[in-house]
Amino acid sequence: MEIPSKYDPQRVEKQWYTYWMEHGYFRSVPDEREPYTVVIPPPNVTGVLHMGHMMNNTIQDVLVRRARMMGKNACWVPGTDHASIATEAKVVAKLRDEGIPKDSISREEFLEHAWEWTHNYGGVILEQLKKLGCSCDWERTKFTMDPDMEASVLQVFVDLYRKGLIYRGYRMVNWDPEARTTLSDEEVNYEERQGFLYHIAYPVVGREERVVIATTRPETLLGDTAVCVHPEDERYLELHGQRVRVPICDREVPVIPDEYVTMEFGTGCLKVTPAHDENDYALGEKHGLEIVDIFNPDATLNAHGLHYQGMDRFEARKAIVRELDEKGYLVKTEPYTNKVGTSERTRAVIEPRLSDQWFLRMEELAQPALKAVLETRDVRLVPSKFENTYRHWMENIRDWNISRQLWWGQRIPAWYYGAGQSDFVVAATPEEALEQAREQSGNPSLQPGDLRQDEDVLDTWFSSWIWPISVFGGILEPDNKEVSYYYPTTDLVTGPDILFFWVARMIIAGYEFRGERPFETVYLTGLVRDKQRRKMSKSLGNSPDALELISEFGADGVRVGLLLSAAAGNDLLFDESLCQQGKNFANKVWNAFRLVRGWEVADREQPESAALGISWYRARFAAVLAEIEDHFSKYRISDALMATYKLIWEDFCSWLLEIVKPAFGEPIDRATYTEVIGLLEDNLRLLHPFMPFLSEEVWQHIAERSPREALVVASWPVAPAADPGLLAEFEFASGVISGIRTIRKDKNIPFRESLKLHVLDEENQPRKWDVLIRKLANVEELVYADQPAEGALSFRVRSNEYFIPLEGAVDVGEEIRKIREELEYTRGFLASVRKKLSNDRFVGNAPEQVVALERKKASDAEAKIETLEKSLANLQ
């Protein structure tokens, strides 16, 4: 094939992804090999590719591609989550734009719209992942609302209910008034917000006096059914058993004593609103108080809101404060900062609300999962710093509110057959439900129309917590071949923000339904932030378009840009210059390949320098490969890439190719060319997981390959143990070459001018490396001497001193002048540093690292002065 002069990512990416798909390289079926299994954290069906997805899926692809090359049966299962709250909100908004209120259509009609939305947009993000190069087994793509997936979820619900772990309860729950559904405690974020503490006077019935309560939510006084004081608070002893009148609504409520009240907070007098505060509800139950709910599902005021009926809660707050002030009930207002619960999905402020909900008992279920991470270490969190967070959540776990007041999702498999809420059965299918209802009710004549299914759907996380099992059919067919082979999975790559939402619950489900862990390792990535350390988001406008980045820098360039700064568990400070660095690296590899392929090859003797260089690079490759393997074992993916990057850019391109490059106009010997191509192929094997498109393109240009010989299924490189002696010798020789190059650069001596080099060899370095020094530094004469050369510039490599006689190459007088100037400046600098270090006050008070830095400056200056003085002596 003709080799293009420039690397074209767009053409290459389309060509090779199509090729990989056509030949089924990503397809996995159970066989005799060791499985390597990864399940994708399913993105929302409404989603599009963003920077977090890019980083997370790039890491997964690196791990999967490497496992495939290591001979494992790599299976990466893709899919999407139905995302009940997010998707329903999208569909409701779409219908609203079309002039169709949700409450004007039936559930079935709404679901038709939801499925239409899903079919139109649900596959977008998965198609975008293909552009990134993700090597998923696309034939295994799952959706949490697929028939088999839904059946698995319902089966789990029935199983847990029959075990007595799922129950229905009337509880105070977190209500999202925007999505109009409950949320679990874990779906509520608490944010500090600046508000006010309102002091409001409540008249005591039959007396002239008033009691003052302090509240941040004056609008809820319309639902007050008591005022509470501490039984030992001397200020209110006479009020025990009395009644007070709630302002505006004029409701008479009792004053109740209870130790729950903190005497020191506010006025020590607490308004009790059982319908709108969890603690107030507990007080209400204890004292038998009336419950008055003043809110509609959308957090507007209902009929109990009196003349504020229909008004939004926050607008009502302002209006009620004005009325309280006008009528003399508002005593004072003071600024107050408190934590406000907001919906993790919609950002709406949460309302506590009493409601019939379904709950899952979690304390007992959590124990095996707690033990697996913190005691037996069957599941490993990387980095381990997240173990403390995991421990805190799991040891303080609460029952999980698993029902949601939505239409989109798996509908709760409970059927009511009587007038009461307690007359219900739980079954996986309507047919089973009817049979159970007939038996439970004692009425064999019940018909399907006599049963009505629960209106609620299950929390989205309740479907995804069985994801590693259900994608292999392990709930419906626990002993099937697929789940027996692929489960437990190997690695999970996800963000720490869903460590409890998803990861912990999957571990719980794994032990409950399979009796074993769902995965071996959880690699927790950081968040993607901009250069100002802000989390990337659409609202801030600081999140670049993922596809535009791929278009500009190529998928491989973007992958490298993301990985270079994606240390496990640490936030990634994204900068587009990193993608440019990735693109530059791709061009470097491409141009290196073109350079090698451009050499004429001849049957001639291999030069000593080439043989030496190749033996060194093999040793260097072995050492770096061992380093890379260690990085992968510790999930330091960024470090593994950087080691690969330096090996190829510095060791291969900058050193080896210079060592073996034939003289201008001369051919290269066949043995060297063949070996260099083989080393390039080894490099491409290492590079492939990180830069799959570029590496496959170069690989296919090197030789004509059959589909079985494609790089995507080539073997991971294996190398013998590195030779540390050989590496140390080369490091010394390269130091000499670099020293000569530095003098050439500083003194503007062109490379075409050959130099003489005199050596005082205290290190007894092997002379075999002289051939490289001669070639790479253009040294025509290399002399091992007993005395320093006169009229020469010098440098040192460890104990050896090297001298380059000038002999007209430079103006000696001008060089002496420059050295004296630099010597004078360096001596002055050293004096200033020494003065600072002689100041006991500075040394005693400055941070230790600052003092250490100053001492290093002094040491460096002393060494430089010694070198300059020797150079000056040699020139004079």
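This report covers helix packing, the contacts of one arginine, an aromatic pair and some backbone features.

## Basis of the model

The structure is a predicted model, in which local features need pLDDT of at least 70 and side-chain atom pairs count only at pLDDT 80 or more, while totals for chains, interfaces and linings use all residues. Residues are numbered from 1 along each chain as its sequence is written, and side-chain values use heavy atoms, with hydrogens and water left out.

Helix α19 spans residues 608–633 and packs against helix α21, residues 670–687, at an angle of about 15°, the axes being 11 Å apart. Helices (H or I, at least four residues) and strands (E, at least two) are DSSP runs numbered from the N terminus. Axes are lines fitted to C-alpha atoms, for helices over the stretch in contact, and angles run from 0 to 180 degrees between N-to-C directions. The angle makes α19 roughly parallel to α21; angles under 35 degrees count as roughly parallel, over 145 as roughly antiparallel, 65 to 115 as roughly perpendicular and the rest as oblique. The crossing of these two helices, α19 and α21, is left-handed, meaning that the near helix is turned anticlockwise from the far one by less than a right angle.

The axes of α19 and helix α20 (residues 637–660) come within 9 Å and cross at roughly 175°, which makes α19 roughly antiparallel to α20. The contact of α19 with α20 has 17 nonpolar, four polar and four charged residues.

## Surroundings of Arg251

Arg251 sits in the loop between β10 (243–245) and β11 (252–257). Leaving aside residues up to four places away in sequence, Arg251 touches Leu221, Leu222, Gly223, Asp224, Val244, Arg245, Val246 and Val292. The side chain of Arg251 reaches the backbone oxygen of Leu222 at 3.0 Å.

## Aromatic pairs

The whole structure holds 41 aromatic pairs, counted where rings of Phe, Tyr and Trp (its six-membered ring) have centres within 6.5 Å; planes under 30 degrees apart count as stacked, over 60 as edge-to-face and the rest as tilted. The ring centres of Trp115 and Trp408 are 5.1 Å apart and their planes stand at 80°, so the pair is edge-to-face. Trp115 belongs to helix α4 (residues 107–121) and Trp408 to the loop between β17 (403–404) and β18 (414–416), so the pair ties together parts 293 residues apart in sequence.

## Backbone features

A cis peptide bond, with omega about 0°, joins Val382 and Pro383. Pro383 is in the loop between β15 (380–382) and α10 (387–395). Another joins Tyr487 and Pro488, again with omega about 0°.

Note on methods. Contact means heavy atoms within 4.5 Å. A polar contact is a pair of N or O atoms within 3.5 Å; within protein, one must be able to donate a hydrogen and the other to accept it, and residues adjacent in sequence count only if both atoms are side-chain atoms. Ala, Val, Leu, Ile, Met, Phe, Trp, Tyr, Cys and Pro count as nonpolar, Asp, Glu, Lys and Arg as charged, and the others, Gly among them, as polar.
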